[in-house]
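User: Please take a close look at how the two chains of this model meet, and then follow that contact back into the chain itself. I would like one connected account with the cut-offs stated.

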Protein chains: 2
Amino acid sequence: MTLGEKTGQLNQRMYGWDAYRRTPDGGFELTDALHAETERFAGLGALYGLLRADAWSGVGHTTGSGAEAGAELAHLVQRHVVEHSRLGIPALFVEEVPHGHMALDGTVLPVNLAVGAGWDPGLYERAAAHAAAELRARGGHVALVPALDIARDPRWGRTEECFGEDPYLAARLTEALVRGMQGEREPGGPFAPDKAPVVLKHFAGQGATVGGRNSAESELGLRELHEIHLPAAHAGVRAGAAAVMAAYNEADGMPCCGNRALLTGLLRHRWGFDGLVMADGLAVDRLARVTGDKVSAGALALDAGVDLSLWDEGFTHLEEAVERGLVSEQALDQAVARVLRLKFRLGLFEQPYGAGPFPDPVVGRELSTALARAAVTLLRNDHGVLPVSPGSRIALLGPHAGTVAHQLGDYTAPQRPGTGTSVLDALRRTGIDVRHAKGCALTGDDLTGIPEAIAGAAASDLAVLVLGGSSARTPGTEFDANGAARTVLSEMTCGEGVDLAGLRLGEAQYALLDAVVATGTPTVVVLIQGRPHVVPDTAAALLTAWYPGPWGGEAIADVLLGLAEPVGRLPVSLPRSAAQLPVHYNRKETEYGGYVDDSAEPLHSFGHGLSYTSFAYGPPRLSGHTVEADITNTGRRRGRSVAQLYLRRLRTPVWPRALELHGFRAVDLAPGETRTVAFPLRAGLRTAVPPGTVVEFRVAESARAALTAVPTQSFTAPEETPL
Amino acid sequence: MTLGEKTGQLNQRMYGWDAYRRTPDGGFELTDALHAETERFAGLGALYGLLRADAWSGVGHTTGSGAEAGAELAHLVQRHVVEHSRLGIPALFVEEVPHGHMALDGTVLPVNLAVGAGWDPGLYERAAAHAAAELRARGGHVALVPALDIARDPRWGRTEECFGEDPYLAARLTEALVRGMQGEREPGGPFAPDKAPVVLKHFAGQGATVGGRNSAESELGLRELHEIHLPAAHAGVRAGAAAVMAAYNEADGMPCCGNRALLTGLLRHRWGFDGLVMADGLAVDRLARVTGDKVSAGALALDAGVDLSLWDEGFTHLEEAVERGLVSEQALDQAVARVLRLKFRLGLFEQPYGAGPFPDPVVGRELSTALARAAVTLLRNDHGVLPVSPGSRIALLGPHAGTVAHQLGDYTAPQRPGTGTSVLDALRRTGIDVRHAKGCALTGDDLTGIPEAIAGAAASDLAVLVLGGSSARTPGTEFDANGAARTVLSEMTCGEGVDLAGLRLGEAQYALLDAVVATGTPTVVVLIQGRPHVVPDTAAALLTAWYPGPWGGEAIADVLLGLAEPVGRLPVSLPRSAAQLPVHYNRKETEYGGYVDDSAEPLHSFGHGLSYTSFAYGPPRLSGHTVEADITNTGRRRGRSVAQLYLRRLRTPVWPRALELHGFRAVDLAPGETRTVAFPLRAGLRTAVPPGTVVEFRVAESARAALTAVPTQSFTAPEETPL
C-alpha cells in the first residue's frame, strides 16, 4: 500500500448522509462528495453514519433509508468504494447504536441510565444483541455505544448515556453490552453475521469533567480515574470489545486523543488490548491547540495510539506527517493493520456486500419494554398509595403524560407516527377512568393550563403527575460541528451539549406540582428524565423512569397499577440541590456534618428503590470465599429484592471510600418465603489489594441502608488478592 | 534521652488554656493537668494555645491573659517545664496567628482573603512582622498561620483563610509572610527576639476538598496539586519557612499526615526542606481508620514525616511503636532533632524565659487599617455614583453598617469594647449627615426592620447598604474536638466548619436589598464577607471589603468618600450561583458555551477592581527577558492601576489553562501621566517548561480583560526554562 492508501484507511471524514441522496423513484444515488472522497484516498477507511437519521443530519423519512432499504444503500456505497480502491478494500460502516440503532425504524431502547436502573445485565445483553442484529441486517458494521462514562455530575447533559455513578454496575453492564453485540466467540475471531463489533465510548474519564461541562477539562487524578472511571473500560476490554473511542476530555493534563500514556501505556501494554482506537469527532483537530497545527495534531494522535479518526482534517495529512518525520511509518502501519483486521473479522474481504438476517421486530419491542419495566423505580410510597386501588378515578396530569415524544432521549432517529405508548395510552387501554390534562409545557412559565389540572385532580381519587425533561432534538436546534446541541429552542433540556447548572425542571412544572398537591388528592409524581433533577419530594409517591423508550408509558402504567412490580433501583444518587454537588454513595469515608444550609447527603440514595412488598435481610455470613445472606419477603405480595453487596475497607494503604458496590442479585420471593443469596467474594472489580488489607461486607437494599447494616466478620487478605 | 523523653518532645497534647487558671489576686497558677502532662513525659515538647482566647477555649478577659500578663504566664509555665525535665528542655509555645495573634489585646489584621485583595506583599510583610513581634513580646514562640490553602470552592467556610484562587498571588504573599514573621536571616540561623518561626498551613491541597466540605476528601490529581495547590508551599519553603502543618485532607488517596510521598518524598527530598512538620489537630489519630489503632496511626504519621503532633493520642505511644517495630528509632530521633533544632534556633536553651520587646500598638493599628484600605474593592460604579458627592444625605443601612463585631473573621480573640471602627462610626466622625437603620439581621427572615430602612433611603440622596456574613463565634457555638464549629447558633455563616452550599446571605438581606433599590435612591452595596456570596448585582455600585478587621469601617468610609482610592482587586472569581461552581479564571482552556440555564463565566472576574479614574494599557512588548507595557491615567483623578501579567501557553506538552497570572505591579499615576511597567520574565512560579514550549504574555487590569488583550510576540523556550 502507498502512504496515501494507508492514510485513507485511517480516515472517516465524511458524514454518511452526504454520501447519498434519494432519487425520485425512491432509490438512492451516490453524491459527488462520496466520489471525491473515495478518489482522494483511493478507497475509504470508514464511513460514519450512513444510516443515521435525526435533526442534526437532517435525515428523515422522506430523505433517508428505512429498515427495508438500508442494506441496498450500504451495498451501493460499498460497491463504489471497493471498485475505486486499487486493492479492493471495503469500507467500515460505523453507526450510532447508543440505545438501539439510531436509524429510521431502528428499535429504540431505554437510555443507558434507565438500563443502569434495571440492574439486569442478562436482559440488557439480549437487548444489545437485538440492536446489533438490526444494525447488521441494514448493512451497518460497527456500533458506537456509550458505556464508559460514569455519571459523577448530573449537570452534564450526557448523564443519560451513563449506566450510573458506580464503576461496578457500569462494568457488569458494559460486559453485557459487549457479549450481547459481539457474541461470545474466541478472542479476535470472526463476527457472526448478526453480531457487531462495538466501539465503547468514551475512553476515559469523560464523566468527570469540571462542573458537568460537556467535553471540558477534568482535574481528576490518576487514582480517581483508575478507581471510578476505568473499571468499566477494563471490563469491556476483558470481555473482548473490538474498539474504544478516545474521549474529548483530558486525563492527567492531556486530551485522551493525544494521551499516549492512556491509549498505549495503559490500554495496550498494561491491559493487553489489541483492538481499534477511534477518536471522538474532531477531537484530533482540537489537539492543534497545543501542537500548533493540524498536521502535527494528527501525528500526535497517531503516535499516542489513535487508529481511526472521525471527521478530522489532521488525519488526512498523515502521509505528510510521516514524510516530515513527525510520526513513524511503523505507527501508521500498526494503525492500518488494526483497521484491516477489523474488516477481516467482519468478513468484508470475503463478502463486502453482505447484510445479516433481520431480527423479529416484535422481539425488539418486547425487549425494549422489558428494559423499561425494569427501570421504573419507586422512590417513595406513603400509606401504600400505590399500586392504584381498583376502581380509583385517576387524574393523569403533566406535560409528559400524553406524549411519547420526550420518552426517548438523545441520539434517537425520528419515529413514525403511532410508535410507542404514552402513560395516557397505556392507562386508557386498561379501561380505567382517566381524566387527562397537560397542565403546562416542559419548559417555560406559562401557568394557564394549571386550573384545568387542578380541576382534574380535585375530581379524582388519585392524581398522577408525569413531569420531567426532554432530550428530543427538533429541527430548530442548532448544532456544533460534532453534533452536540448548541443553542436550545423548543423543549430540549438535556442531551449532548445541554448542560444544566441548576438541575431544575421548567418553572411551570413546579407550580403545577404545588397546585396539584395542594388539592389534597393523593398525588403520584412520575419523572421522565435524562438526569436527576431537583424536585421537591412533597407528593405521596415518587417514581422515576428515566427515559424509558417508546413503550415506557406501558411500563410505567404497569407499575402504577401493580401489574408489574417496581424493580428499578437508583443507579445514581439523587441530589437535594445543585449546591450540594458532588453527591455519590462511594465518596471517601470522611466524617462530615453537612453544610450550614443543606445536608451533604442525597435526597435518595444510590441503590434505593421500593417494592410493593417488604423484605428482611438476615446478617451476612462470610463462608469461604462467599458472602451469603438470607432474605425474607415479609409483606403480602410477591416481589423482587435487589440484594446489594457492599465492601467496606477497614485496614488499607489508601483512604477508603464509605462503601463500594461489590455484587448484586435480584431475588424473587413469595410472601413469607426466605432464600439465601450468595455472592462470590472475588467477583468484584478484580482490583488487587496488598497483603494485610482487611475488609468487611454488608448486604443491603441500598447504599444508605448498607451504612448501618450488620457487617460480616472481617476478611484479611493473606497475600496480594484480587477483590 | 530515653524513648519516653523523646516521645514527649514530639507531643503537643494539651490545650494551653487547661495549663493555668487565674487566681483571685489577678495572677496565675498552674493546673494539675499541666503537672501531670509534664510528669508523664518528663518534660513537654510543645504547648498549644497558652494565650489563645475565644469562645471555644472559653478564655475571655476575666479568665485569660491580656497583653501585659502574657510573658508572666509563659514564664511561669516554662519554668515548671524546665524544672521537671530531666535534661532541662524548655517547651515550644505554639500560637494561632492567622491574622494577628489570636490572644486578648492582639492586634487583629484583615483575614487572608482581604490581604489577597490588596495585592501588596510589601505591606503584608510589615503587618506580619508586627504580629510576630506581638507574639514574641507575650512569650509565644511559634506562629500558626494559614497561607497554603487555595480558594477553589467558595462553599468552604475557611475560604476567608486563603489568599485567593491563584497560586502565583498566594506564593508572593506566602513569601511576604515568611519574611515578615521570621526576618531575613541566614538559612537555619537563629531568630531575632521579635521574630517568630512560622508554621505554614495547610500542606497540601486543603482548598480542593470535594464540595467545599471542610477536611473532606480531595479527588485532585497530582498534576492539579502541583500546578495550583503546591506553589505557595514551595515559595514558602524557598523563603525559609521553619515549619509546615500537614493537612487533614488526603492527597492522592492518603491523608497528608500519613503521606510519606508528600511529607518526605516531595517536601524534604525534592524541595530540600529541613524544617519541622506539625500535624493538624487530631489528624494523626484519624489515621487509625486505616491502620486499625492509634498506636499504629502514630507510627504511620512519624514514618511519613510528621515531627510534632497536636492533641493526638497516637503520638503519645511512639515509645511502644518503636519497641513493637512499627517505626524505627531513627525516625523518632530525626523528628526529635527537628523539634530541638527549632528550640535552639529560638534561643530557648540559652534563655528559656525570654520575651521580645513590645511593638508600638499604634503601628499595629495603622498596618491593619492600611491592609483594610488596600482590600476594599470596587466592583461596579454606575454613573460615577461613587465617590460620594459632597453634601449628599446618606442613608447607611444594613446589618453590618453599625457594628464592628462581624468585620473580624474566624480565629479572633474577644475584643475590648470600643475597639475598632464601624462604617457608621467612620462616616459620623467626618461630620457627614448619616441616617442609620439596620434593616435586618445577618441571618433569618425577620423583615420588620425594613420599612425604617426604606424610609431612610427615600429621604436620602444615596443609600449605602452594608450587607454580608459573619464568622464571629459566640458562646452559643458548639465545637468539634479540634475547634471547628459544629452547630451554628447566632449569626455565624462562615468560618471553620461552617460550609455553605448555596452561598446565600440571610434571606432578609435580599429583601432589604430589593426594597432599598426599589426606592429609586441610588444605592451602594458594601459586602463584608469571608467568602464570595451570591448577591444580585442590582445596585448602582458594589464593593466588597471581605473581613477588613477592626478598623475596616474606616477603610470603607475612606473609599466611599474618595479620601482613599479603591485599590483592591479580586483574589477570587465571584460566581453567579453555587450551581455554576467551580469558577476560576485559570481553568483549562476549553471552548465551553455555558449551561442552558446559566453562564459558566463568573459575575466578576479574578483581578477585577475599578478605580475612580480610568487607565489605558498600551500593547505589551517582549524585550529580552522582560515584558513591558505603557499605562496611562486617562481620567481626571490620581489613581492606582494594578497591572497584571498573564501567561498563555501556545505550544505545550500538556493542555493549557486559559491564562496564568505571572506577575503584578501597582502603578500610581496622575491624570494624563504615562508610565512603563516592567515584568521580569522568569519571576513567575519558576516551573520549568520543556524546550520548544511557546508562550505569550498579556498585560491587563483583570483576567477577563486579559482574555481579549493584545499579546506580546510569542516566546519560544530554547531549552528547559523556568518560567
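Analyst: A salt bridge is taken here as a side-chain nitrogen of Lys or Arg within 4 Å of a carboxyl oxygen of Asp or Glu, and by that rule 6 salt bridges cross the interface of chain A and chain B. This is a predicted model, in which local features need pLDDT of at least 70 and side-chain atom pairs count only at pLDDT 80 or more, while totals for chains, interfaces and linings use all residues. Residues are numbered from 1 along each chain as its sequence is written, chains are lettered from A and ligands numbered from 1 in the order in which they are written, and side-chain values use heavy atoms, with hydrogens and water left out.

The arrangement of the copies comes first.

With contact meaning heavy atoms within 4.5 Å, 57 residues of chain A are in contact with 57 residues of chain B. Because 100% of the interface residues of chain A are also interface residues in chain B, the copies meet through the same surface. Buried area is the accessible area (1.4 Å probe) that two parts lose on being put together, summed over both; for chain A and chain B this comes to about 4,600 Å², 51% of it on carbon and sulfur atoms. In chain A, the residues that lose the most area to chain B are A:Arg213, A:Arg289 and A:Trp655, which together make up 17% of what that side buries.

One salt bridge between the chains joins A:Glu589 to B:Arg289, with the closest N and O atoms 2.6 Å apart. Helices (H or I, at least four residues) and strands (E, at least two) are DSSP runs, numbered from the N terminus. On the side of chain A that touches chain B, helix H7 (222–229), strand E9 (254–255), helix H11 (288–291) and strand E20 (639–651) each supply at least two residues, and the largest share, 4 residues, comes from E20(A).

Within the chain, an automatic or database domain assignment divides chain A into domain 1 (3–345), domain 2 (376–572) and domain 3 (615–722). The C-alpha centres of domain 1 and domain 3 of chain A lie 36 Å apart, and their contact takes 15 residues from domain 1 and 12 residues from domain 3. Together domain 1 and domain 3 of chain A bury about 1,200 Å², of which carbon and sulfur atoms give 61%. On the domain 1 side, A:Trp119, A:Tyr168 and A:Arg238 lose the most area to domain 3, together 55% of what that side buries.

The rule finds 2 salt bridges across the interface of domain 1 and domain 3 of chain A. A:Arg657 also forms a salt bridge with A:Glu224, where the closest N and O atoms are 3.2 Å apart. Helix H6 (167–182), H7 and helix H8 (231–238) of chain A each supply at least two residues of the domain 1 side that touches domain 3, with the largest share, 5 residues, coming from H6(A).
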